[in-house]
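Reader: I'd like to learn how to read helix packing. Could you walk me through an example?

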Amino acid sequence: TDSLKDNFLKSISTELTKLGGEKIPLFINSSTSQGKPHFKLELRGANMPKKCGIEDVLSEGEQTIASLAGFLAELDTSKHQNGIILDDPVTSLDHKYRKRIAERLVTEARERQVIIFTHDIAFLFELEYCAKELAVPTHLQNISKMGELSGKVYNENPWHAQNVSNRLKVMRVEVEQLKAKDLEGENYNKEAGIIYGRIREVWERVVEEVL
């Protein structure tokens, strides 16, 4: 039990440092009940009531870092190579943590399949940059809503993460697809309205990116 606790403490300390949370004083309090070991993450040096958990002390961002560090430390001590899935791992975190977490998860992707869901475009860019720097292969998909159609999957960056050149390619395809449908009346107006909205967004991106 002590050996397991020591290994996990060492691993979680390493993960906190990699993620930028080295100032979070996590440690493990262990106990035995009916012959079974129990472990609980606590804050070193904190005098807290028994019913008070670390989630009552740490900020939301610090909780995210602590949870991710604990999860990665558990992976390290378990010694398996199963794939992992993370849902918005940078919630409530600023840009400094985004970069550290992106680097850590891309590094982990060298050892196992890592699937990441995120709404954060800045974090997506960090992941792409780190993957390129570390030569880690990626497969990007985005799920969008087009008019009344939800859950449409694209094998490319989300619309708001694309530059002018890529947006123009998408627009040309969508215009040709609309022509091929040969729609009339309200059905045509709905789909043409979506394309028109995207045209306006391309103009805005031209001003930002080109001018």
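**Reading helix pairs**

Author: Gladly! Here α2 passes α3 in a left-handed crossing, meaning that the near helix is turned anticlockwise from the far one by less than a right angle (clockwise would be right-handed). Helices are DSSP runs of H or I with at least four residues, numbered from the N terminus. The model is predicted, so local features need pLDDT of at least 70 and side-chain atom pairs pLDDT 80 or more, while totals for chains, interfaces and linings use all residues. Residues are numbered from 1 along each chain as its sequence is written, and side-chain values use heavy atoms, without hydrogens and water.

Reader: At what angle do α2 and α3 pack?

Author: Two packed helices are described by the angle between their axes and the distance between the axes. Helix α2 (residues 60-78) and helix α3 (residues 95-108) pack at about 15°, their axes 13 Å apart. Axes are lines fitted to C-alpha atoms over the stretch in contact, with angles from 0 to 180 degrees between N-to-C directions. The two helices are therefore roughly parallel (under 35 degrees; over 145 is roughly antiparallel, 65 to 115 roughly perpendicular, the rest oblique).

Reader: Which residues of α2 and α3 make the contact?

Author: Ile65, Leu68, Leu72 and Leu75 of α2 meet Tyr97, Ile101, Arg104 and Glu108 of α3, with contact meaning heavy atoms within 4.5 Å.

Reader: At what angle do the axes of α5 and α6 cross?

Author: The axes of α5 (residues 164-181) and α6 (residues 185-209) come within 10 Å and cross at roughly 165°. That makes α5 roughly antiparallel to α6. This crossing is left-handed.
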